[in-house]
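Good morning, colleagues. Please bring up the structure on your screens; I shall begin with a pair of helices and then turn to the chain as a whole.

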Amino acid sequence: MVSNTRKLEPPSDDKRWRIVVGTMRRNGFARHSLIETLHTVQESFGFLDEESLHYVAESLRVPLSQVYGVSTFYHLFSLKPAGKHTCVTCTGTACYIKGAPQLLAAIADKHGINPEETTEDGNLSLLTARCVGSCGLGPVAVVDGEVVGKLTPDELLARLQEVMDHHDD
Amino acid sequence: MMIERFEEITTEEQTAVAEHDHTVKVCVAAGCLSSQSDQVLDALKNGVGEHRGCHVKGVGCMGLCSQGPLVAVESKTGAKSGSVMYQNVKAEDAPDIIQSLGKKPVARLELKTNVPFFQRQTKIVLENCGEIDPERIEEYIAVEGYQGLLTAVTELSPIEVIDEIVRSGLRGRGGGGYPTGLKWTTVAKMDGPTKYVICNADEGDPGAFMDRSVLESDPHRVLEGMAIAGYAVGATEGYIYVRGEYPLAVERLKIAIRQANRLGVLGSKVCGTTFDFNVHIRLGAGAFVCGEETALIASIEGKRGTPRPRPPYPAEYGLWGKPTLINNVETFANVPAIVRKGGAWYAGIGTEKSKGTKVFALAGSIQNTGLIEVPMGMSLREIIFEIGGGVPNGNCKAVQTGGPSGGCIPADYFDTPVDYESLKALGSIMGSGGMIIMDDSSSMVDVARYFMEFCMTESCGKCVPCRVGTVHMHTLLNKIYKGEARRHDLETLEKLCDLVMNTSLCGLGQTAPNPVLSTLRYFRHEYMDLLVDGAEDGRGATAVDAQLLEAQS
């Protein structure tokens, strides 16, 4: 547990870096706070870009290779920016049996994207989750952070259209 | 003194309850929240407004998640005293519910509670779920919360606490079933001033949501269990490793830790004694393999979550090389009740080798999807048909237990009692408690393929048998499912199962073949039907038949 109180200057004066620095400081800039810090970066910026990986590596004195290794190992970390809207479809066992594959097929059909892809206009990202824990409501999708359950493919498409239209107004 | 403070809080809570004629409880666990139970709660709170004698509060999971949002009303006076439960409640229903207080319940929303789903359960871990507000420590204390911890640190020696756990016969609820008392004894015996307690809340098994519900509905119970464990084994730091996919559970845990620290039941000088215990939360980031204890430890240390060979076990060499006790959420949640009521009481429940109760998450093709807690030894038939209410359409074909590490048990074996040994004998495992019920429409080959795909993507890649083996098994299963495989492919698949099972580094790889092996054992004909040369007389399989039929027509 090497601690390092030497504060590096963030890559820019974007205020969101303060939140990131806050997380590192709370953990005494300890190396083991790498995952916590990456969580904060992802929450603040939506994804992990190269700049942030460099910054976190230097601040915590962790080799860049390890930072890259960790950020690619865990599913929740994304190295690419997500679309304006996200749809996370649960593919847990209960949802799978209740028709999650049909939901994915419907989205692929209508929006032309497969899981982990974003539409060309950057409007919608389709992601999958291993289980969001709402098995009683299967099949479940999380549309822009809101859980919707007992879905049919048509309902999900309608719901997606709704959030996309709403935002564009 | 802490005990006086507890009594004070309990009295305050009881007075507050006594002042109200009606208590309206709205489920605000993740299941019901996703059907907008927060709006129901707000509507009821606003509606009640000045209505004196009525208290509206959010509570944890009531179990029957598929009928959410659920609302329970408890009345002490009026024509209908006692409790009423409502299902599928919308915010618009709030006025009707408030109107009905003390009168006849709202018939169109009423949920019958005199059914096996509610009556056949024995609740220990879930005793407070759906009863108390998870965000108020006072309510937990009023139902004897933290009494176990107080007794442990003020009246018992660490050895006496461990003895109590040993006597209870409690076994690890994460799936392995390792005797908890033995694990605690091993860690307690280790030398050294620094030890750790870790709570494994990385519930990665798809289709299981027991741990999530417990953390969201009764977080203090888990903290209390951890603190008791810390006292027993001599650890002063505890970590809870929670899945990143459970933001609500994390939020409620943070609140609970803050409240417990403020009250002095956690932190430095627990309950005014010399024992310190600090709990930290660590967020997982979506890796199934991190449920494996050595991978979980690596993840807490901020590394890639890859397992390492055991021994040395974490009890010897765990977090940062120190002796570490790792238990599952449900295991810790059992501890407070055991210390409070005694190990002998707990050992009186369940079967000879599997003591106590087990929480199961029922999902899939079943009437009553939700969370249940039953004594060990209850038969699968009772769980699925009586408590679960059976399969809505068609026949029940099989039940899958243990997730990607478990197996499918066909309906013919439903009279088997549910305990660690019996399920293992059937080629499945108890697992963490997910039960997925499948009807006739599910293809067993598809189920096996689904789990293999899961293990393939979740393999961490450290050891070759798991990394490469799962890919090959998945390819073969795909080939079989598409009707392109031959008998020798099935033979290769079986050989691979054997290889991966026996040579993988950690539990993920060692158990990855289980879904294939168990479906092959009980539903071999489904595989054979899909083979090109599957039928006994060498006649083409269904896929080929279909092609022939198509060609003829």
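**A helix pair, an interface and the overall fold**

In chain B, the axes of helix H10 (residues 210-217) and helix H14 (residues 329-341) approach within 9 Å of each other and cross at roughly 45°. Please keep in mind that this model is predicted. Angles between 35 and 65 degrees count as oblique, and H10(B) and H14(B) are therefore oblique to each other.

Which residues of the two helices meet? From H10(B) they are Met210(B), Asp211(B), Val214(B) and Leu215(B), and from H14(B) they are Val329(B), Glu330(B) and Ala333(B). Five of the residues in this contact are nonpolar, none is polar and two are charged.

I now turn to the contact between the chains. Chain B contributes 36 residues and chain A contributes 31 residues. On the side of chain B that touches chain A, the elements giving two or more residues are helix H2 (30-33), strand S10 (357-364) and strand S14 (434-439) of chain B. The largest share, three residues, comes from S10(B). By class, this side of chain B divides into 14 nonpolar, 17 polar and five charged residues.

Finally, chain B as a whole. Its secondary structure comprises 24 helices and 14 strands. The radius of gyration of chain B is 25 Å, close to the 24 Å given by the globule rule for 553 residues, so chain B is as compact as a globular protein of that length. Along the principal axes, its C-alpha atoms fill a box of roughly 80 × 65 × 40 Å. Of the 553 residues in chain B, 55% are buried. Among contacts in chain B with a separation of 6 or more, 73% involve residues 24 or more positions apart.

Technical notes:
Residues are numbered from 1 along each chain as its sequence is written. Chains are lettered from A and ligands numbered from 1 in the order in which they are written. This is a predicted model: local features need pLDDT of at least 70, side-chain atom pairs count only at pLDDT 80 or more; totals for chains, interfaces and linings use all residues. Axes are lines fitted to C-alpha atoms, for helices over the stretch in contact, and angles run from 0 to 180 degrees between N-to-C directions. Helices (H or I, at least four residues) and strands (E, at least two) are DSSP runs, numbered from the N terminus. Angles under 35 degrees count as roughly parallel, over 145 as roughly antiparallel, 65 to 115 as roughly perpendicular and the rest as oblique. Two residues are in contact if their C-beta atoms, placed from the backbone, lie within 7 Å. Ala, Val, Leu, Ile, Met, Phe, Trp, Tyr, Cys and Pro count as nonpolar, Asp, Glu, Lys and Arg as charged, and the others, Gly among them, as polar. The radius of gyration is taken over C-alpha atoms; the globule rule is 2.2 Å times the number of residues to the power 0.38. A residue is buried if 20 or more other C-beta atoms lie within 10 Å of its own, exposed if 12 or fewer, and partly exposed in between; C-beta atoms are placed from the backbone.
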